[in-house]
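Welcome to my notebook. I went through this structure one stop at a time and jotted down what I looked up.

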Amino acid sequence: MSEAGVAGSLRSADAGSLPRAGGEALALVGLTRRFAQGGEAIEVLRGVDLTLARGEIVALLGPSGSGKSTLLQAAGLLEGGFGGHIRIDGVEAAGLDDSGRTALRRDRLGFVYQFHHLLPDFSALENVVLPQLVAGARTDAARARAADLLEALGLGHRLTHRPSQLSGGEQQRVAVARALATRPVLVLADEPTGNLDEGTASLVLDAFLAQVRGEGAAALVATHNEALASRMDRVVRLHEGRLA
């Protein structure tokens with residue numbers, strides 16, 4: 001299937017232009033999340049308050065099972081069931097219908113996961129082009145933007161390679177380029193280097209930080225790696241459902 005064909009099948013909403021806000025990229029206010037398990041209510045998030053300014057890169061530290069991924073799912077509008085308030089670029093998510101939330105997620109957010117989740121049948125360039133087409137960009141502009149990002153990430157010589165032809169570090173750098181392709185206000189990264197060896201992880205984080213700062217985006221990065229977290233602008237710690 002062509003880039004345009006895949007983009008058409010992925011475009012699930014177009015709620016028009018959402019209003020732009022000032023310096024606040026993310027605000028979580030009194031965020032809560034409970035799960036029912038064996039007749040018991042498990043509180044994963046217990047009134048989390050967190051604000052990120054545009055251009056700020058924040059590390060979210062916590063042991064496995066502390067709720068880091070759940071918090072990122074909330075910030076990314078990836079599932080419901082949360083209490084409290086979530087604002088992305090000044091837009092209150094609770095006031096939007098499904099189409100509006102999809103448009104907000106598509107136009108304002110970028111995602112990087114521990115596993116790259118690249119489309120295996122498409123080249124590095126095409127993987128970075130596709131989210132831009134979904135957002136309504138012209139093909140020529142999307143391809144130019146993708147090439148520029150991949151070049152900046154040291155992958156200018158790998159544009160036509162498919163994921164299976166790339167190393168783990170290269171695949172993750174493509175994922176970083178894909179996350180930034182639509183010029184998001186906020187990038188959410190869930191253990192983005194957790195599947196890489198120490199040396200490669202450091203190189204990928206260098207590339208990630210440089211590109212996010214160069215784009216003027218904010219980023220919330222979940223990690224358990226203290227050394228990597230120390231290279232970000234600020235560190236917050238999730239403990240028993242609350243931020244310290």
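**Entry 1: R213**

I started with R213, which touches I57, R231, M232 and D233, leaving out residues up to four places away in sequence; contact here means heavy atoms within 4.5 Å. This is a predicted model, in which local features need pLDDT of at least 70 and side-chain atom pairs count only at pLDDT 80 or more, while totals for chains, interfaces and linings use all residues. Residues are numbered from 1 along each chain as its sequence is written, and side-chain values use heavy atoms, with hydrogens and water left out.

I found R213 in helix α7. Helices (H or I, at least four residues) and strands (E, at least two) are DSSP runs, numbered from the N terminus. I then compared R213 with I57: the two are 156 residues apart in sequence, and their C-alpha atoms are 8.1 Å apart in space. The side chains of R213 and D233 are joined by a polar contact of 2.9 Å. A polar contact is a pair of N or O atoms within 3.5 Å; within protein, one must be able to donate a hydrogen and the other to accept it, and residues adjacent in sequence count only if both atoms are side-chain atoms.

Is R213 buried, partly exposed or exposed? I noted it as partly exposed, because its relative accessible area is 38%. The cut-offs are under 20% for buried and over 50% for exposed, with partly exposed in between (1.4 Å probe, protein chains only).

Next I looked up E56, in the loop between β2 (40-53) and β3. E56 counts as buried because its relative accessibility is 17%. Its side chain reaches the backbone nitrogen of A53 at 3.1 Å. Beyond residues up to four places away in sequence, E56 touches T51, A217, A218, A219, D233 and R234.

Q171 lies in helix α6. With a relative accessible area of 13%, Q171 is buried too. I saw its side chain reach the backbone oxygen of L166 at 3.3 Å. Setting aside residues up to four places away, Q171 touches H116, L118, P163, S164 and L166.

**Entry 2: the nonpolar cores**

In soluble globular proteins, nonpolar side chains tend to be buried together. I looked for nonpolar cores, meaning sets of buried Ala, Val, Leu, Ile, Met, Phe, Trp, Tyr and Cys residues joined through side-chain atoms within 4.5 Å. Which residues have the most contacts inside the largest core? They are V128, L150, V174, V187 and F208, in a core of 38 residues. The elements giving two or more residues to this core include α4 (124-134), α5 (139-152), α6 (168-180) and β7 (186-190). The largest share, 6 residues, comes from α6.

A second, separate core of 32 residues includes V44, V185, L186 and A222.

**Entry 3: helix α2 and some positive phi values**

I counted helix α2 (residues 68-75) as mostly covered, with 6 of its 8 residues buried. Those are K68, T70, L71, L72, A74 and A75. Just after α2, L77 takes a positive phi of about 55°.

D89, in the loop between β4 (82-88) and β5 (91-92), has a positive phi near 55° and is not a glycine. D89 is buried, with a relative accessible area of 0%. R183 has a positive phi of about 55° without being a glycine, and its place is in the loop between α6 and β7. R183 is exposed, at a relative accessible area of 53%.

**Entry 4: the largest cavity**

How many cavities of 30 Å³ or more does the structure hold? I noted 1. On a 1 Å grid over the protein atoms alone, a cavity is a set of points where a 1.4 Å probe fits but cannot get out, and lining residues have an atom within 4 Å of a point. Grid points are joined across faces, edges and corners, and a volume is the space filled by probe spheres set on the points. The largest cavity has a volume of about 30 Å³. P192, T193, L205, V221, T223, L228 and M232 line it.

How values were computed. On a 1 Å grid over the protein atoms alone, a cavity is a set of points where a 1.4 Å probe fits but cannot get out, and a pocket is an open set with protein on both sides within 12 Å along at least five of seven lines; lining residues have an atom within 4 Å of a point.
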